[in-house]
Amino acid sequence: FGDAVQLLGYDLAGGASPGEELTVTLYWRAYAPLDASYAVFVHLMDGTDELVAQADGIPADWLRPTTTWREGEVIADRHTLTLPPELAEGTYRLYVGLYEPEGQRLPVAVRGASSLDRRLRLGFVRGKGSE
């Protein structure tokens with residue numbers, strides 16, 4: 001992300017049924033000081049790339065703005081998405097990114113290739129649908 005931040009990995013916890021909470025913990029590392037306070041977004045998208053659930057905020061429950069990150073430090077950053085009550089059964093994609101207060105997303109590169117929409121796909125979530 002940009003020239004100064006790497007996502008080392010993530011953990012998922014919680015359910016994938018309608019109305020449940022899905023918690024995503026991101027593990028960030030800064031490679032250089034950051035001069036802006038970036039917000040994190042976590043988006044859950046359906047098969048047509050429509051937003052199903054999201055969580056946005058300053059890292060680590062608003063306690064660790066990116067301007068406080070030290071070089072080499074690993075930051076654990078938890079975000080909770082509440083799944084909609086009408087969640088259909090199916091496969092959903094989970095994305096993450098960083099953005100400036102004005103809304104501009106930081107560039108993302110994976111294995112040297114840039115992401116045109118400036119977001120990183122973490123993986124998939126299998127929605128269980130209504131019972």
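Leu26 is in contact (heavy atoms within 4.5 Å) with Leu7, Gly9, Tyr10, Val40, Val42, Ile75, Ala76, Asp77, His79, Val96 and Leu122, leaving aside its neighbours within four places in sequence. This is a predicted model: local features need pLDDT of at least 70, side-chain atom pairs count only at pLDDT 80 or more, and totals for chains, interfaces and linings use all residues. Residues are numbered from 1 along each chain as its sequence is written, and side-chain values use heavy atoms, with hydrogens and water left out.

Leu26 belongs to the largest nonpolar core, which has 32 residues. Such a core is a set of buried Ala, Val, Leu, Ile, Met, Phe, Trp, Tyr and Cys residues joined through side-chain atoms within 4.5 Å. Phe1, Leu26, Trp28 and Val96 touch the most other members. Strands β1, β2, β3, β4, β5, β6 and β9 each give two or more residues. Strands here are DSSP runs (E, at least two residues), numbered from the N terminus. The largest share, 5 residues, comes from β2.

Leu22 also lies in β2. Leu22 counts as buried because its relative accessibility is 4%, and buried means under 20% relative accessible area (1.4 Å probe, protein chains only). Beyond four places in sequence, Leu22 is in contact with Ala13, Gly15, His79, Thr80, Leu81 and Val125. Leu22 and His79 are 57 residues apart in sequence, yet 8.4 Å apart in space, C-alpha to C-alpha.

Now the sheet. An open sheet of 4 strands runs in the order β4-β3-β6-β9, with antiparallel pairing. Two strands pair if DSSP finds at least two bridges between them. The edge strands, β4 and β9, each pair on one side only. Inside, 7 bridges join β3 to β6. Ala39 has Tyr99 in β6 as its bridge partner.

Notes:
Buried means under 20% relative accessible area, exposed over 50%, partly exposed in between (1.4 Å probe, protein chains only).
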